[in-house]
Amino acid sequence: MGLFHWMFGTQGGSGLTCTVCRRELPRRYLIGPERQGFCPSHNLDRSFCRVCSSPIPPAAQSSPFCQDCRQSSVGQAGEAMALLGQVQRELRELGLPWWPQSVPVNLSAAVQPPHVATIHWQRSQDAQGRRRVTFQEIRVSPDYPRLYLGSLLAHELGHAFLVQQDLEGLSPVITEGFCELCGWLWLGRQRDPRAVRLRARMENSITPIYGEGLRVMIASLGPQGIAGIAAGLKVTGSPTALAARLC
Ligand SMILES: [Zn+2]
Ligand SMILES: [Zn+2]
Ligand SMILES: [Zn+2]
């Protein structure tokens, strides 16, 4: 979610119209992620598209995405798997040293709110006593727009990476921040202009774990990019420690 501020209009109405319902703004109104005014009575989470931050009229708020973004919805498992393959390849090119070969994407299993996607795995030991991890599936709701789904898949692959590297004990801010960074970096490679808006939405998120975590990670990015952060987490549990030692 982007940033919202309380604003106060002038006496007798501000003369401005709400970007969500098009009525005149009340005296006390809110400013949206791109400085659009809107009535405080609207549902914040539903009033602006989760991808591009465009206002969504009240009658269309059964979906958190605008009509434009909904046109790129991924409804088929095959399409989702192809996108996952692309995300894996691009994250590898961005410098993450390891990815699971293949994780099925399940578009029909229920995802428990407030999560929008989850990854499931199982731990086991082989005959020599070595710990193994098998990734079973990534669950996401069907009909997410392609950019949004891609960023979620990159986020879940971030979790897969941390699990595979035995980095499950990091703080939630570091864990989710690292996974958000995977999504944010992936979006940075996409040509679709809406990727810039979704990235800004992630950077400005007011959530203490996801938003704050991502900002910590972006501030820690050095010349080695995400590879440096991954190496730092592996050695010390901190995103910057290794980069600092290498300087
Ligand atoms: Zn309104
Ligand atoms: Zn949109
Ligand atoms: Zn996560």
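## Strands, helices and burial

Me: What makes strand β5 (residues 105-106) and strand β7 (residues 131-140) a pair, and in which sense do they run?

Reply: Two bridges join β5 to β7, in the parallel sense. Two strands pair if DSSP finds at least two bridges between them, so β5 and β7 qualify. Strands are DSSP runs of E with at least two residues, helices runs of H or I with at least four, both numbered from the N terminus.

Me: What kind of model is this, and how are residues numbered?

Reply: This is a predicted model: local features need pLDDT of at least 70, side-chain atom pairs count only at pLDDT 80 or more, and totals for chains, interfaces and linings use all residues. Residues are numbered from 1 along each chain as its sequence is written, while chains are lettered from A and ligands numbered from 1 in the order in which they are written.

Me: How do you know in which sense strand β6 (residues 117-125) pairs with β7?

Reply: Nine bridges link β6 and β7, in the antiparallel sense. Gln125 partners Arg131 of β7. Gln122 stands opposite Thr134, also in β7. The hairpin of β6 and β7 has five residues between the strands, and Gly129 there takes a positive phi near 80 degrees.

Me: Why is the pairing in the sheet β5-β7-β6 called mixed?

Reply: The sheet is open and has three strands. β5 and β7 pair in the parallel sense, but β6 and β7 pair in the antiparallel sense. β5 and β6 stand at the edges with a single partner strand each, so one side of each has no neighbour in the sheet.

Me: What makes β1 and β3 edge strands?

Reply: Their sheet is open, with the order β1-β2-β3 and antiparallel pairing. β1 (5-8) and β3 (37-38) each pair on one side only. Four bridges join β1 to β2 (residues 28-31). Trp6 has Leu30 of β2 as its bridge partner.

Me: Why is α5 described as roughly perpendicular to α7?

Reply: The axes of helix α5 (residues 172-187) and helix α7 (residues 210-220) cross at roughly 70 degrees and come within 7 Å. Angles of 65 to 115 degrees count as roughly perpendicular, under 35 as roughly parallel, over 145 as roughly antiparallel, and the rest as oblique. The α5/α7 pair is therefore roughly perpendicular. Axes are lines fitted to C-alpha atoms over the stretch in contact, with angles from 0 to 180 degrees between N-to-C directions.

Me: What makes up the contact of α5 with α7?

Reply: From α5 the residues include Val173, Phe178 and Trp184; from α7, Tyr210, Leu214 and Met217 are among them. The contact divides into nine nonpolar, two polar and three charged residues. Ala, Val, Leu, Ile, Met, Phe, Trp, Tyr, Cys and Pro count as nonpolar, Asp, Glu, Lys and Arg as charged, and the others, Gly among them, as polar. A contact puts two C-beta atoms, placed from the backbone, within 7 Å.

Me: How do you know that the length of α5 agrees with its residue count?

Reply: At 1.5 Å a residue, its 16 residues should span 22 Å. The end C-alpha atoms of α5 are 22 Å apart, which agrees. The expected span is 1.5 Å times one less than the number of residues.

Me: Why is α4 called largely enclosed?

Reply: Of its 19 residues, 16 are buried, so the rest of the structure largely encloses α4. Buried means 20 or more other C-beta atoms within 10 Å of a residue's own; exposed means 12 or fewer, and partly exposed lies in between. α5 is mostly covered, with 13 of its 16 residues buried. Across the protein, buried residues make up 36% of 247.

Me: Which burial class do Ser53, Ala227 and Arg22 fall into?

Reply: Ser53 has 22 C-beta neighbours inside 10 Å, so it is buried. Ala227 has 14 and counts as partly exposed. Arg22 has 10 and counts as exposed. Ala227 lies in helix α8 (residues 225-236). Beyond its neighbours within four places in sequence, Ala227 is in contact with Gly95, Leu96 and Pro97.

Me: What makes the phi of Arg22 and of Ser53 worth a note?

Reply: Most residues other than glycine have a negative phi. Arg22, in the loop between β1 and β2, has a positive phi of about 70 degrees. Ser53, in the loop between α1 (44-47) and α2 (67-70), has a positive phi near 65 degrees. Just after α4, Asp166 takes a positive phi of about 55 degrees.
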